[in-house]
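This report walks through a structure part by part. Please look over the sequence and the model before reading on.

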Amino acid sequence: MLISVLSGKGGTGKTFISVNLSSVMKNGIYVDCDVEEPNGKLFIKPEHEHQIPVKVIIPKFDYSLCNGCMKCVDFCAFNALAYVEKPILFENICHSCGGCKEVCPQNAITNTYKTVGYVEVGSNDDRIFLGGKLNVGEESGIPIIKKMFKMIGDYPDRDAIIDAPPGTGCPVVETVERSDFCVLVAEPTIFGLENLKMVYELVKILKKPYAVVLNKSLKVGTNPSRIFCEENNIPIIGEIFFDKVIGEKNSNGKIVTEDMPQVQKAFQDILSKVYERVNK
Amino acid sequence: MRQLLILSGKGGTGKTTVASAFIKLLNAKYYADCDVEAPNLDITSTPNTKPKSEDYYGLKIAHINYDNCVGCMKCFEKCNFDAIKNVNGKPVINEFSCEGCGLCAYICPANAIHMEECVNGETLTYDANPRFATAKLRMGSGASGKLVSKVKENLRSGIITDDIAIIDGAPGLGCPVIASMSGVDMSLIVTEPTLSGISDLERIIAAAAFFEVKCAVCINKYDINLENTKKIKKYCDSLGIKVIGTIPFDEKVNSAINNRMSVVDIDCKAGEAIKSIFKDTIKIFNEKEK
């Protein structure tokens, strides 16, 4: 079973919730899909690590065969090819569709490969760690996310916690589409609420079962995210209050459930509620 | 127009909190929200004027005419984005995965596929004084970078003065961030003293260097971990990047935002710290222009 942890807004505590859920899960996999800014590794501290490069295709031109017809330049929907005496590729804009190779009447184009990032694989105790990392300057982490989902398939007997990227764009959809359950993490601010509304809409469009965990709640004042959940009958399966000790341990890369039994209990509750909802 | 971009790498460090305070302190005539996947600047900084809203068409999507489709599945075989599924011998497009390259339409021997314009989001521009450009990406669209470029175009269009514009950036370091960096004069990176914050800071500084964007740093919630704050200062020193100031953790920030105000609208210690960071940032910004 794949459980993804989401929030529209960054910094609501996706990684905090993810690493702690994975810590109370037996024989699980933790997957860091926030490939632009991956941080799960700082907490999981995986051992026996190795890296697998993720490659995409880009075109390579044999200029001795090119007759300058410019069909490839005209075809490219992303303007990644320009014609300056011959077709020139802007690598960082290329989406790797392979179209230019198909349209070339001279067979002057072949595919070559470019590394856009890598997947780190390791383990800590009974837990497997998969973490994607996009190279600086690259635009899209989708190929890395796809690669990790393939790798999760290598462990059919294990459940996985998936730390999703922030936002509601294509990397998030890629992650949610493959998940069995979505945990939405929400903060007690209007910023948090606006972004909760967006991921809520997303999980509904993709027809995924979901529930909310309120994070960094304060003991005083109103929580706009809680009010929204109650008004819309969105299940709340846990609430973590803002706490200086938790905040400090977390800021130092500690998994708080490992030495705070009451927090561990809270996360065990959240996980068992997820299982209950999936098995309903 | 000169552009000051507020960035962070990691989400939730306080980009919008800082940007909304800067807009207020500068009495900015021009500002934009480039976090098109989760825009929030409108919550604190919507002008009292009527906005112009426009649908944004960035990418095309493949459509199949099943009257013509012969089920050869060539499109399914050639699609590099796994955007075509084989459902009982017929191809079905997944519109979230389709990137609009047009390869399937090109190779289809039955002429059953064509590319159709689709709405990838909505831009919203308040065109009086102040001018505020923002946008909202359509759920799951792959056009976020292009939409950011459109927001910046809406912000700049027709402006020839050298006023400073404040731009609230996107989190991460992929296409929307790269698009938001284009043409900026300086970027202020808001970070926080957590190991995650530090790791993301290192990556966003590398990205800024890659695209030759000058930057300075401020540390939000610096007092939640003084050791890590020290580490950040040392790291920035070693790269010759200026740490302009630090902002204390302050519960009043939440209550300001929940009342749709910027932190400098209320009396609080975080607001005081941001005022001083603002002064120094503008000083450095102007120096860099010389």
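In what sense, parallel or antiparallel, do E1(B) and strand E9 (residues 186-191) of chain B pair, and over how many bridges? They pair in the parallel sense, over four bridges.

## Basis of the report

The model is predicted, and local features need pLDDT of at least 70, side-chain atom pairs count only at pLDDT 80 or more, while totals for chains, interfaces and linings use all residues. Residues are numbered from 1 along each chain as its sequence is written, and chains are lettered from A and ligands numbered from 1 in the order in which they are written.

## Strand E1 of chain B

Helices (H or I, at least four residues) and strands (E, at least two) are DSSP runs numbered from the N terminus, and two strands pair if DSSP finds at least two bridges between them. In E9(B), B:Ser187 is the bridge partner of B:Leu5. E1(B) also runs parallel to strand E8 (residues 164-168) of chain B, joined to E8(B) by five bridges. There, B:Arg2 has B:Ile164 as its bridge partner.

Strand E1 (residues 2-7) of chain B is largely enclosed by the rest of the structure, because five of its six residues are buried. A residue is buried if 20 or more other C-beta atoms, placed from the backbone, lie within 10 Å of its own, exposed if 12 or fewer, and partly exposed in between.

## A residue of strand E6 of chain B

B:Thr125 belongs to strand E6 (residues 113-126) of chain B. Why is B:Thr125 partly exposed? B:Thr125 has 19 other C-beta atoms within 10 Å. Two residues are in contact if their C-beta atoms, placed from the backbone, lie within 7 Å. Leaving aside neighbours within four places in sequence, B:Thr125 is in contact with B:Pro51, B:Lys52, B:Ala133 and B:Asn154.

## The sheet of chain A

In chain A, nine strands make an open sheet with mixed pairing, in the order E3-E6-E7-E2-E8-E1-E9-E10-E11. Its edge strands, each pairing on one side only, are strand E3 (47-61) and strand E11 (236-241) of chain A. Strand E10 (residues 210-217) of chain A pairs with E11(A) in the parallel sense over four bridges. In E11(A), A:Glu239 is the bridge partner of A:Leu214.

## Domains

Domain bounds come from an automatic or database domain assignment. Chain A is divided into domain 1 (1-25 + 173-280) and domain 2 (55-115), and the C-alpha centres of these domains of chain A lie 44 Å apart.

For chain B, the assignment gives domain 1 (2-47 + 130-289) and domain 2 (58-119). The centres of these two domains of chain B, taken over C-alpha atoms, are separated by 40 Å. Six residues of domain 1 of chain B are in contact with five residues of domain 2 of chain B.

## Contact between the chains

Chain A gives 52 residues to the contact and chain B gives 51 residues. On the side of chain A that touches chain B, the elements giving two or more residues are helix H4 (99-103), helix H6 (170-177), helix H7 (190-205) and helix H9 (244-251) of chain A. H7(A) gives the most to this side, with eight residues. By class, the side of chain A that touches chain B has 19 nonpolar, 24 polar and nine charged residues. Ala, Val, Leu, Ile, Met, Phe, Trp, Tyr, Cys and Pro count as nonpolar, Asp, Glu, Lys and Arg as charged, and the others, Gly among them, as polar.
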